[in-house]
Amino acid sequence: MQLLPESVRRLAAWCLVVLLVSGVVWIGIRLCGQLRTAVVPVLLALLGTALLGPLHRRLVRIGMHRSLAAGITCVAVVAVVGGAVYIVVSALVDNGGQIASSLRRAAKAVARHFGAAGTSLDDLASHGRDLLTKFGGTAAHNVISGVSVVGESIAMALLALVLVFFFLRDSHRVADLLRSLAPHGAAETVEAMARRAFEGVEGFMRGTTLIALIDAFCITVGLLILGVPGAIGLGALVFVGAYIPYLGAFLSGALAILVALADRGLVIALWALGVVLAVQVLEGHVLQPMIQSRTVQLHPAAVLLAITAGASVAGILGMLLSVPLTAAVFGVAHELRARYGYGETAPAHPEPGDGGDGGNGADGRAEPPEA
């Protein structure tokens, strides 16, 4: 090794570090995949705790017992989620047939105008019996698999709700637990990193939820004014899709425009497109800077890469979890940069959204003491 230049030795050392870290991350992802029934509820419970933490702390501050406050918070979550599910289901039941018939009319119109390489809808219908006979066993197997997936999802949701209760009730003991588990002399650093990670997730969840509510309300009102069927259900889909930045808003907005086109025609569809675009402009230029200006800011490229990686690892669930986990990683990176990446006069908590300028946008706050 001494015969190699210093630059080559450093490159080899960095390559070894990258390979070791990549191997550890890969093994961790595989383990999480094998233990998904335990890992997913924990992650969902952490997100729920980050979202509901302010309500629980407010109840505790007014003198309520921690267990009672956690129970009331969980009951409130069940009530809100149950109400949202009821609204979505009732909207789909009331307007599902109308939406489906509108989409069928749109499909027939597309087939008449553009065709499909000589294949019409009647040709497809004539072969439907053969297709059902050929793939009937596969469809039955998929139905059974779908039922098992639904049962597993319900079990994980219940476990996540129970974990939210315990996380809220015992949140005041987390700092002592981290200090007891941290290596000697690193307790303060570990606690600070955990705080910044949780603050990043908490800020992301609170800001995203508020923005999702505003987006869903505005789009629902616009669709109701335009007379688009299933406006409430489409607004609920907009709310859920807002937790997947960029991609969720695009898909839910595209679905609303498609329903408007199928049922009300091109003019109403263009108005629906205008409503969706106006809401997205409002979100990008007003809501995001105002609501999430004090939280960990993520570059759009980082968000898209995180969503892509999450989708490749865990599908839709990975898309939902990838962005808050990335916010946690960015929070830890900010804390490490504040502690070890600057001199004595560097800010402890640089302003979010400084564009990665290397710390030039100092806000004048002092650096925390070294662990």
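**Legends to the close-up views**

**Figure 1. Overall content of the predicted model.** Of the 371 residues in the protein, 29% are buried. The model is predicted. The protein contains 11 helices and zero strands, so that along the sequence the pattern reads α-α-α-α-α-α-α-α-α-α-α. Among contacts with a separation of 6 or more, 68% are between residues 24 or more positions apart.

**Figure 2. Crossing of helices α2 and α11.** Two packed helices are described by the angle between their axes and the distance between the axes. Here the axes of α2 (residues 36-61) and α11 (residues 300-340) come within 11 Å and cross at roughly 50°. This angle makes α2 oblique to α11, and α2 passes α11 in a left-handed crossing. On the α2 side, the contact is made by Val 40, Leu 43, Leu 44 and Leu 47. The residues that α11 brings to this contact are Leu 317, Leu 321, Pro 324 and Leu 325. An α-helix has 3.6 residues a turn, so residues three or four places apart point the same way.

**Figure 3. Helix α9 and the residue that follows it.** Helix α9 covers residues 247-264, a total of 18 residues. From its first C-alpha to its last, α9 reaches 25 Å, close to the 26 Å expected at 1.5 Å a residue. The buried residues of α9 are Gly 248, Ala 249, Ser 252, Gly 253, Ala 256, Val 259, Ala 260 and Ala 262. After α9 comes Gly 265, with a positive phi near 100°.

Definitions and conventions
Residues are numbered from 1 along each chain as its sequence is written. This is a predicted model: local features need pLDDT of at least 70, side-chain atom pairs count only at pLDDT 80 or more; totals for chains, interfaces and linings use all residues. Side-chain values use heavy atoms; hydrogens and water are left out. Helices (H or I, at least four residues) and strands (E, at least two) are DSSP runs, numbered from the N terminus. The expected span of a helix is 1.5 Å times one less than its number of residues. Buried means under 20% relative accessible area, exposed over 50%, partly exposed in between (1.4 Å probe, protein chains only). Contact means heavy atoms within 4.5 Å. Axes are lines fitted to C-alpha atoms, for helices over the stretch in contact, and angles run from 0 to 180 degrees between N-to-C directions. Angles under 35 degrees count as roughly parallel, over 145 as roughly antiparallel, 65 to 115 as roughly perpendicular and the rest as oblique. A crossing is left-handed if the near helix is turned anticlockwise from the far one by less than a right angle, and right-handed if clockwise.
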